[in-house]
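Biologist: Could you walk me through this structure? I would like to go strand by strand.

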Amino acid sequence: MFKSVDNMFRAQLLAPVFLLSVVTACAPPGTENPDIQVADLQGATPWTDLELEDGADDFHFVIVSDRTGGARPGVFAGAMPKVNLLSPAFVVSVGDLIEGYTENQAQLNREWDEMASFVSELEAPFFYVPGNHDMNNAVMAEEWQRRFGPSYYHFLYKDVLFVVVNTELFGMVGQPDTPVPGPWKQADQMVFIKSVLAQHPDPRWTIVLVHQPLWSYPSVNEDWLEVEALLGERDYTVFAGHFHQYSRVTRNDRNFITLATTGGGSGLRGTAFGEFDHVAWVTMREDGPRIANVLLDGIHDEDVSNPELLSSLTEVANAIEMEALRSTDDLFNEASQKVTITNPTESTLTIAPSVARQTNFNIQGLMPLSVPAGESVELFWRLSTDEPVPYHSLTAASVEWIVTGTIGERPVQFPVLTPVLPLSKYAIGTIDGAEIDGNLSEWGPLTYNAARQGDVVSPEVEPNDVSFQFDVREGPEHLYIGINVIDDDVSAHADLIPRAQDAIGFFIDPRDPAERDANMGTGEAVLGGDMAAQISSIVSTGAHAKDKLLSFFDDTNANTQISFASTDTGYAAELAVPLSYIASKAPNGDDWQEARISVSVYDLDSDAHAADVLYWQPFRYGGAPLAGSQVFVRPN
């Protein structure tokens with residue numbers, strides 16, 4: 001049942017009442033309870049005025065954002081004492097507090113107990129809001145109910161209505177048409193929202209707390225549109241998380257704010273990109289909430305980033321166009337890299353490039369330059385090796401560009417990281433067939449070697465920690481991928497999800513070059529259907545006893561098989577994908593000739609909080625993808 005505000009915040013209210021009594025008691029005779037007592041000076045005064053900003057109904061609260069989805073240890077825990085310094089009346093969340101995505105009760109207990117230890121450091125009450133990492137299946141939903149009771153609820157404070165909404169009931173991430181199973185039904189939540197808003201038709205403000213910013217999807221959920229209609233003409237603000245990137249948009253003449261992160265996975269490219277760790281410090285005033293985004297290194301107002309600015313920054317970043325270095329040769333020795341920089345802004349841009357990551361080839365000819373508004377400049381670099389080497393042995397280098405200029409009236413300076421890698425198309429070998437048992441004895445030497453991190457924005461991985469070799473072969477009815485992983489600390493658990501152990505990622509994309517070479521983020525790829533249009537899976541080493549490939553994006557590949565086997569130096573895996581299944585993804589069916597094939601290894605050491613991911617070449621959905629990479633050609 002709903003508890004009264006007096007009971008919920010008694011500790012916060014007692015002290016202000018006492019201080020107000022002192023001030024009133026000390027007020028000089030004949031005054032009307034002034035807030036500040038000053039001497040009766042004649043003439044000039046050393047203050048501007050005595051109209052105070054803190055009204056009797058003003059209060060402060062803090063919102064913490066996503067902690068997980070690639071949690072960075074220590075960030076959320078370190079934010080708790082900083083929140084205490086702000087002395088809010090209470091703290092609320094927007095979900096994704098644990099990694100979740102498991103039905104293992106012991107794992108859930110560990111993760112929720114860890115979260116409870118963080119929250120216990122707060123001096124103010126904390127209000128939980130469910131996210132997709134907190135509630136993704138019936139077991140997790142029931143655990144939420146056991147620990148926290150309802151997954152949607154409301155409370156009032158100083159005539160401000162707070163409504164907590166469980167967006168997983170509108171539709172789960174990855175399954176937008178399917179509410180999370182468990183104790184609650186979406187229909188009941190809609191009845192609840194309608195009832196609460198009807199019971200409180202005219203609060204001075206309404207704060208809506210959700211996890212998924214449902215208004216940001218290409219197709220807005222009908223139930224969410226009904227929620228917006230129910231909110232009607234009242235004054236309200238909506239806060240969300242989930243995307244790990246700050247954005248403020250206006251809908252229905254109201255602010256809909258998606259917060260960045262409080263320790264969750266982030267590119268951390270800075271405020272202009274909306275990628276930073278923060279808490280939202282909200283002051284409730286008579287005229288509504290005033291929002292300050294408190295970063296670990298500073299304070300910014302609510303317009304720290306917006307879609308228009310982000311769009312302009314992205315346009316500038318994309319204006320650095322590197323011509324793809326494609327060859328049909330087997331060996332690389334030297335090449336000229338053409339770079340075209342177009343300035344789409346109305347002011348001159350200053351751009352200073354430097355080699356951020358040097359690998360096994362040289363880059364020469366970088367120099368700073370200025371690009372006038374609306375103009376283009378061409379650069380040519382020299383790439384070379386000391387002697388000819390196979391293309392497939394090259395590892396991506398990177399160049400960082402520091403871009404300085406003005407967008408609109410806002411001065412900006414930000415980095416752009418681009419991968420540099422001469423490319424060839426790689427031949428798919430042949431094999432009579434392979435028994436899918438993880439034994440690679442029939443494969444012979446494997447061609448492709450990932451001994452160093454191939455993705456320029458992912459953390460470097462020590463070769464003595466994890467490395468792998470792989471090869472791609474075609475048989476009469478299947479495409480085979482064999483992979484040998486050298487790992488000094490193998491983690492394999494049949495009852496845990498891939499991110500909780502070692503795993504292998506596969507992407508097989510036989511679509512036309514325009515589609516398979518397109519660069520986009522993971523969120524865009526999932527929501528836009530790009531993931532579902534190919535064969536993409538992350539398979540845990542603990543799945544070695546299963547014959548069916550585990551896939552997050554497509555469950556029609558029942559005939560695809562994978563098997564793992566232990567080796568003296570780590571483990572090996574074999575993948576068999578029916579050629580007919582690949583043909584079903586290709587525009588020309590059985591006549592497909594090329595495919596973009598990506599292989600990566602997830603390495604979770606026993607003393608680590610999160611897995612490192614080792615890529616052969618830049619991750620196609622990462623922060624610095626490389627168009628045209630990882631293209632394999634079928635045998636004639």
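Biologist: Thanks! In which sense do strand β4 and β5 pair?

Modeller: First, a word on the source: this is a predicted model, where local features need pLDDT of at least 70, side-chain atom pairs count only at pLDDT 80 or more, and totals for chains, interfaces and linings use all residues. Residues are numbered from 1 along each chain as its sequence is written, and side-chain values use heavy atoms, with hydrogens and water left out. Strands are DSSP runs (E, at least two residues; helices are H or I, at least four), numbered from the N terminus, and two strands pair if DSSP finds at least two bridges between them. Strand β4 covers residues 153–157, and its 5 bridges with β5 are antiparallel.

Biologist: Which residue in the turn of the β4 and β5 hairpin has a positive phi?

Modeller: Y157 has V160 of β5 as its bridge partner. The hairpin leaves 2 residues between β4 and β5, and the one with a phi of about 50 degrees is K158.

Biologist: How many residues of strand β5 are buried?

Modeller: Buried means under 20% relative accessible area, exposed over 50%, and partly exposed in between (1.4 Å probe, protein chains only). On one side of β5, V160, F162 and V164 are buried, and on the other L161 and V163 are too. β5 (residues 160–164) is therefore largely enclosed by the rest of the structure, the count being 5 of the 5.

Biologist: What handedness does the unit of β5, helix α6 and β6 have?

Modeller: β5 pairs in the parallel sense with strand β6 (residues 205–209) over 5 bridges, and L161 stands opposite T206 in β6. A crossover is right-handed if, with the strands pointing away from the viewer, the path from the first strand over the helix to the second runs clockwise. With helix α6 (residues 186–199), the β-α-β unit is right-handed.

Biologist: Which are the edge strands of the open sheet of 4 strands?

Modeller: The order is β13-β15-β19-β17, with antiparallel pairing. An edge strand pairs on one side only, and that holds for β13 (320–322) and β17 (362–364).

Biologist: Which residue is the bridge partner of I363 in β19?

Modeller: β17 is joined to strand β19 (residues 376–390) by 3 bridges, and the two run antiparallel. Within β19, the partner of I363 is L383.

Biologist: Last one: is L52 buried or partly exposed?

Modeller: L52 sits in the loop between α2 (10–26) and β1 (59–64). Its relative accessible area is 37%, so L52 is partly exposed.
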